[in-house]
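Here is a short briefing on a protein structure. Look at the model first, then work through the points by topic.

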Amino acid sequence: MNLAHLLLRHARQAPDRAAILHGTAPHATYGDWAARSAGLALRFREAGLVPGDRVVLFMRNHPRYLEVMWAAWWAGLAIVPVNAKLHTTEVEWIIDNAQARWGFVTRDVTPVALSGLERQVDVESAEMDRLLAPIEPDCAVPVAECAPDDLAWLFYTSGTTGRPKGVMITHRNLMTMGMTYFIDVDALSTSDAIVYAAPMSHGVGLYAVPHVMAGARHVVPPSGTVDPEELFDLGRRLGPLSTFAAPTIVRRLVDHAEAAGLDHATVGRAFKTIVYGGAPMYLADIRRALQVMGPRFVQIYGQGESPMVGTALPRAILSDTGHPRYLERIASVGIAQTPVQLRIADEQGRALPAGTAGEVLVKGDSVMAGYWRNAQATAAAIRDGWLFTGDVGCLDADGFLTLKDRSKDLIISGGSNIYPREVEEVLLNAPGVAETAVVGAPDPEWGEIVVAFVVPLPGAELTEETLDRHCLAHIARFKRPKRYVMVDQLPKNNYGKVLKTELRMWVRNQAA
Ligand code: AMP
């Protein structure tokens, strides 16, 4: 079992079918892609790289991301995808920890030579062209034999609580993830196309797998970033497109569609499916997204340790407005995806009854093999085959999972548990609020108090009094923020997640 066979299948069957596009420009057919993968796999082998070795990708989104991924798998190597926004010292730490041998970069992401690599290749160089010089895929370099549990993707966690850990994702994990897309997310065929707007080092990069399974097209925007205008334009020319995006990116697409006055039919010609996940989608935001862009959303919940697989909230449920519990359901993250079991558990891992909040556990073939060279962290995260996600949530009697928060984000004030997400949902409904993030701050009297960071909508005059009145009208008194901080924007990582650690540090420094 090797993911490279997914590519070879289509290359044999339809070598001339368009596979990768850079913007609207053709970059590779399925035949080209396989021949280049075989070529690079041969050069890896000639350079002495052996199955199991790691190669780092530290670059902006680029068609060559896909070529290196499949060439590495072809040769039996594992990819280490690195967030393009990391500092040189952070990448070098990862290179050292992963003992990576080669690195593929774009110059805009790193103009410097990274220490620890045997060879650093600029993917836009003539050297890269030589490495990718095509060879007949079936003769010189057969796809490496892989066991299902061989490493395919070594994904480093964001490391907000200490050093990042390498999550070992295997060929089996990604096969499972890819096939699950067809069952729980969306049907795909050769006429489909995925657009890589969010960073390919994260979820959307992995969605290359189901799109190769389907023999679909892969579109990389030339800007290498998220530019809604560019994306709608690509959608009009090549669409309808599918993509995966964090809620902050979805919001930008919705803002664009609304400002441009696009109707559902026009949006539908550009976008088939937008899968969202990776961070909370607030009720107000998904309702607006559906209203502006129509029924083209699917939510997934997963984490690096069970990539893209956990729960899914399908299009049909997001459209079922007549259901008596419609709002409750669309505020949830949906039901277990096909290959996994879910459990809400106490600290010992014992199952809790429906409706009780506890830690979310996941079990199934999408769950990582463990943390790279970190048996202790692995033993803490996977017990009896269950992945302890660190997320708090509850399951209803129908199997819908509602997430409360990460357990580390929970605020305990005067002995009561407060889930920031609940307060954020309420604040987002207050007139004039564009975005908000709620954290706990140490307090001598209460243990912790609730602090809300609020980004006002342009031109809105927000006062603490109006926000407080709004909270009093909608949530229990003790959950109200004791303090508001108005900001122009929230700190976010490259994947669009709000960096709550930074906000907590800021309030702590203020107190000091
Ligand atoms: P990462 O490993 O970087 O993908 O982060 C995974 C974490 O993001 C999860 O453990 C959740 O806390 C959060 N997350 C992922 N998907 C969702 C979702 N659909 N809704 C809310 N939070 C999510």
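I412 lies in strand β22, which covers residues 411–413. Strands (E, at least two residues) and helices (H or I, at least four) are DSSP runs, numbered from the N terminus. This is a predicted model, in which local features need pLDDT of at least 70 and side-chain atom pairs count only at pLDDT 80 or more, while totals for chains, interfaces and linings use all residues. Residues are numbered from 1 along each chain as its sequence is written, and side-chain values use heavy atoms, with hydrogens and water left out.

- I412 counts as partly exposed because its relative accessibility is 42%. The cut-offs are under 20% relative accessible area for buried, over 50% for exposed, and partly exposed in between (1.4 Å probe, protein chains only).
- Leaving aside neighbours within four places in sequence, I412 is in contact with N417, W446, G447 and E448. Contact means heavy atoms within 4.5 Å.
- I412 and V141 are 271 residues apart along the chain, and their C-alpha atoms are separated by 58 Å.
- S407 is placed in the loop between β21 (401–406) and β22.
- S407 is partly exposed too, with a relative accessible area of 41%.
- Leaving aside neighbours within four places in sequence, S407 is in contact with G390 and V392.
- From S407 to L313 is 94 residues in sequence and 22 Å in space, C-alpha to C-alpha.

**Two buried residues**

- H171 belongs to helix α6 (residues 171–185). H171 counts as buried, at 0% relative accessibility.
- Not counting residues up to four places away in sequence, H171 touches several residues, including M1, N2, L3, W73 and C146.
- V195 is found in strand β9 (residues 193–195). V195 is buried, with a relative accessible area of 0%.
- Not counting residues up to four places away in sequence, the residues V195 touches include V204, V219, P221, L231 and F271.
- V195 and G205 are ten residues apart along the chain, with 9.9 Å between their C-alpha atoms.

**Aromatic rings**

- How many aromatic pairs does a search of the whole structure find? The search finds 13.
- The rings of Y30 and W33 have centres 5.8 Å apart and planes at 35°, so this pair is tilted. Rings of Phe, Tyr and Trp (its six-membered ring) pair if their centres lie within 6.5 Å; planes under 30 degrees apart count as stacked, over 60 as edge-to-face and the rest as tilted.
- Y30 and W33 are separated by about one helical turn because they are three residues apart in helix α2 (residues 30–46).
- Y30 counts as buried at 0% relative accessibility, and W33 is buried with a relative accessible area of 0%.
- W102 and F104 also form a tilted pair, 6.2 Å centre to centre with 45° between the planes. Both W102 and F104 are buried.
- Ring pairs link Y30, W33, W70 and W73 into a cluster.

**Charges over rings**

- The charged end of K165 sits over the ring of Y371, 5.1 Å from its centre. The rule asks for NZ of Lys or CZ of Arg within 6 Å of the ring centre and within 35 degrees of the ring normal.
- The charged end of R383 sits over the ring of F388, 3.6 Å from its centre.

**Empty space**

- Rolling a probe the size of a water molecule over the atoms shows where empty space is left.
- On a 1 Å grid over the protein atoms alone, a cavity is a set of points where a 1.4 Å probe fits but cannot get out, and a pocket is an open set with protein on both sides within 12 Å along at least five of seven lines; lining residues have an atom within 4 Å of a point.
- The second largest pocket holds about 870 Å³ of space. Grid points are joined across faces, edges and corners, and a volume is the space filled by probe spheres set on the points.
- Of the 42 residues lining the second largest pocket, T248, I249, R252, K492 and G496 are the closest to its centre.
- Helix α10 gives the most to the lining of the second largest pocket, with five residues.
- The count of cavities of 30 Å³ or more comes to two.
- The largest cavity has about 70 Å³ of space. Its lining residues include A198, P199, H202 and Y495.
- The second largest cavity has a volume of about 50 Å³. α10 gives the most to the lining of the second largest cavity, with four residues.
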